[in-house]
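Biologist: Please take a close look at the pockets of this model, and go on from there to the packing of the helices.

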Amino acid sequence: MSGVIAIPLATPATTPKKRSKPKKTGPTVSDRILKVVSASSDRSGVSLAALKKSLAASGYDVVKNNARLKLAVRRLVAKGYLLQPKGTGASGSFKINKNKAVAKKKRPTKNKVEKVGAKKVRRASPKKAAGAKKSPKKTKRKSPKKAKRPAAAKKPKSPRKTKRRVAKSTRAKTAPKKK
């Protein structure tokens, strides 16, 4: 008998197709946190434990999404939407940053694009048109690029001769004793 045994070739395992989960609608974790902290009237801020309690009361699964909650708190502090008077990271107390919250609500007005004939023309929004006149934009002229010249060959520096200082000993030389 020959020692060759036929082994069936391994077929690639087919994985079942994953069904895409429908995207949940509703406020994000960050929005929920900001809402809870802004609703708080506590002067020193809201602690993480109190934040979790109020989120759980509003129907958010805090136990399941604990890591997501801590990450969102740290990001809000880093972006400046929350202030952290006590603690570091996701622990401590948190207050709403009033300066950043006001800046978030303001959105810049966009210029409207209108078609005039075959050309598109940008028209300033009515708020800007009533304001100050725009100064004409200055255009920079690009100079043609000059070809780089090869660097001139540098002469190697000759080593400088330094004078050697002879260290004088601090001991006084002793004369050999005579007998």
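Modeller: A pocket here is an open set of points, on a 1 Å grid over the protein atoms alone, with protein on both sides within 12 Å along at least five of seven lines; a residue lines the pocket if it has an atom within 4 Å of a point. The model is predicted, and every value below is computed from it.

The largest pocket has a volume of about 490 Å³. Its lining consists of 13 residues, and those nearest the centre are K24, P27, V29, Y60 and R68. Sorted by class, the lining of the largest pocket holds six charged, four polar and three nonpolar residues.

The second largest pocket contains about 200 Å³ of space. It too has 13 lining residues, with S30, A72, R75, L76 and K79 nearest its centre. Two elements, α1 (29-39) and α3 (66-79), each give two or more residues to this lining. By these ranges, S30 belongs to α1, while A72, R75, L76 and K79 belong to α3. Helix α3 provides the largest share of the lining, six residues. The class count for the second largest pocket is six nonpolar, five charged and two polar.

Next, the packing of the helices. Both α1 and α3 pack against α2, which spans residues 48-57.

For α1 and α2, the angle is about 110° and the axes are 10 Å apart. An angle of 65 to 115 degrees counts as roughly perpendicular, so this description applies to α1 and α2. Their crossing is right-handed. On the α1 side the contact is made by R32, I33, V36 and V37, and on the α2 side by L51, S54 and L55. This contact has five nonpolar residues, one polar and one charged.

For α2 and α3, the angle is about 120° and the axes are 12 Å apart. The two helices are therefore oblique to each other, and their crossing is right-handed. Here α2 contributes L48, L51, K52 and L55, and α3 contributes N66, L69, K70 and V73. The residues of this contact divide into five nonpolar, two charged and one polar.

How values were computed
Residues numbered from 1 in each chain as written. Predicted model: local features only at pLDDT ≥ 70, side-chain atom pairs only at ≥ 80, totals over all residues. Heavy atoms only, no water. 1 Å grid on protein atoms, 1.4 Å probe; cavity = no way out; pocket = protein on both sides within 12 Å on 5 of 7 lines; lining within 4 Å. Points joined across faces, edges and corners; volume = space filled by probe spheres on them. Nonpolar A, V, L, I, M, F, W, Y, C, P; charged D, E, K, R; others polar. Helix = DSSP H or I, 4+ residues; strand = E, 2+ residues; numbered from the N terminus. Axes fitted to C-alpha atoms, helices over the stretch in contact; angles between N-to-C directions. Parallel < 35°, antiparallel > 145°, perpendicular 65-115°, else oblique. Left-handed = near helix turned anticlockwise from the far one by under 90°. Contact = heavy atoms within 4.5 Å.
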